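Please read these notes alongside the model.

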Amino acid sequence: MKTFTKKSLSLVLAMLMALSALTTGTVSVFAEEKPAQYYDNICVSGTASNGVSKEISFTAPKTGYYSVILTKAPQKENGSTPSVEFEVNEKIVDEDEGSSTENYGSDYSYGITRFYSVVNNVLTYTNGYLPAQDMVNLVKGRTYTIEVVAGANTNAYLTIVQSDFLYYLDTYYDRLTYNSKLETTVNPATGKEEQTEMICPYTESSYYSVGICARIIGYDGTSTNVAIPASITGYPVKSVSLSNTITPLKNRITTVSIPDGVEDIYGMSRFYSLSYINFPSSLKSIGDNAFAYCHSITGRITIPSGVEYVGDYAFYDTGASSVEITNLNTEMGVQSVGYTEILNTATADPSDTTSQNVNGFLIVAPAGSLASKYAAENGFTSYDRASCIAGNHPYSVKKKSATLFATGYSKGTCPVCGASYSKTAAKKTFKISSVKSSKRGTIVVKAPKQSGITGYQIQYSTSSKFTKSTTKTVTVKTTKALSKTISGLKAGKKYYVRVRATGKTSSGKTAYSKFTPTKSIKVKK
């Protein structure tokens, strides 16, 4: 993997980019002789054994970052491999100090590599070249010199593209399965490579370099909703990191959209406003600390089935409440999910922190998977979605008991699959326990205690219809069972009695139950 260790790195990391191909050009620099034209076809025939060089002038139409790419593989002849490299320079004229040249990048050379493929179950390869590429920060209106150096018999093309994404070109790998391959040999007479088929006695499956990709490592655009491109300058994007984004922009980015084809994601820790990021089905790895301290990520994190590794502290101290992992073999790193950071109360240091489990964190994963093992080892609840399919839901239940004055309910929501149910409980009934007359001119009315009752209204009448002129009402304030003696009644007379309870609604208003069924009693003489 190419690393940015030269002088250009410090310039690149100062600011970063998002794709906007505002300026693009391709220059053929070592081909047949043609008239030189600005930013078009600038050609030189490379014939000298020690190589040739060409200087190309480029005036930046806009301040920003530019990707300088030297592509198209050198021609091989007589077993030699010509070198190809470039430098980006700016000539600076100072009235006092004279002229000087500032170097923006040097010795960016083609990398010779092999690209493998399987045809008819045979592993084979072709020789290829990784383009020389660098990112440079240029200023609008300034003219820069790009010096290209190549060996003999070389055909190379220079492309300059303005981009708001910082990236580098690299080979990428894929798993190839085959049962025979081509063995490489060198003909001692000619010194050239030859290939002879070798049959393998068993099927082999392993990772091989299969092409060239772009790997994004930063962003310097203006949008807070970052859309990662599927390709840059024709190369597919295989990995995404925004770690080199300047801090003020990190704090403002809210969404990152990742296209299918990206295989690795990392380097988005401490993006405090980041609340949404999609994980494409092509994803294979989520790196260490990938989204650590992204507090705005909430709810459930769903990991695609192709992910082989969730890195150490990948989702440490986010707002996530659960994670779903469907792959049996997805490896879980140290405290990769389900942990938050808190102050360490065991010390007096106000900056000392420690980790603890997120309360109620749920891991949805197949039984026997590495994720379910992670759950058991870290004290998290794990649940297999297959149980939901079978109808066994771990419902999270909320209940409210019914009273005389309001219906009750039982509601459940499955935290795994979202299935729900709702049942209503009817208002409770109320009835008189007894009405007795054991003394002359009196009756005793009794009713049981029930939750929510704050009092009772007793109505008695000589009319079964409780006409107004024959009905009297007695109010009893108590939360206990009713036992009320009513005196002064006509001895030997038949009376009709009914009762209703009083209570409070959830809003604090007085409420009344329905009257109980009527009971009749003959008053003792």
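1. Four helices and 38 strands are found in the protein. Helices (H or I, at least four residues) and strands (E, at least two) are DSSP runs, numbered from the N terminus. This is a predicted model, in which local features need pLDDT of at least 70 and side-chain atom pairs count only at pLDDT 80 or more, while totals for chains, interfaces and linings use all residues. Residues are numbered from 1 along each chain as its sequence is written, and side-chain values use heavy atoms, with hydrogens and water left out.

2. Of the 525 residues in the protein, 44% are buried. Buried means under 20% relative accessible area, exposed over 50%, and partly exposed in between (1.4 Å probe, protein chains only). The protein exposes about 26800 Å² (Shrake-Rupley method, 1.4 Å probe), and carbon and sulfur atoms supply 48% of that area.

3. Among contacts (heavy atoms within 4.5 Å) with a separation of 6 or more, 59% are between residues 24 or more positions apart.

4. Ser463 sits in the loop between β33 (453-461) and β34 (471-476). Its relative accessible area is 17%, so Ser463 counts as buried. Leaving out residues up to four places away in sequence, Ser463 touches Thr470 and Tyr496.

5. Thr233 is not a glycine, yet has a positive phi of about 45 degrees. The residue belongs to the loop between β14 (231-232) and β15 (235-241). Thr233 is partly exposed, because its relative accessible area is 31%.

6. Asp317, also a residue other than glycine, has a positive phi near 60 degrees. Asp317 lies in the loop between β21 (309-310) and β22 (319-325). With a relative accessible area of 9%, Asp317 is buried.
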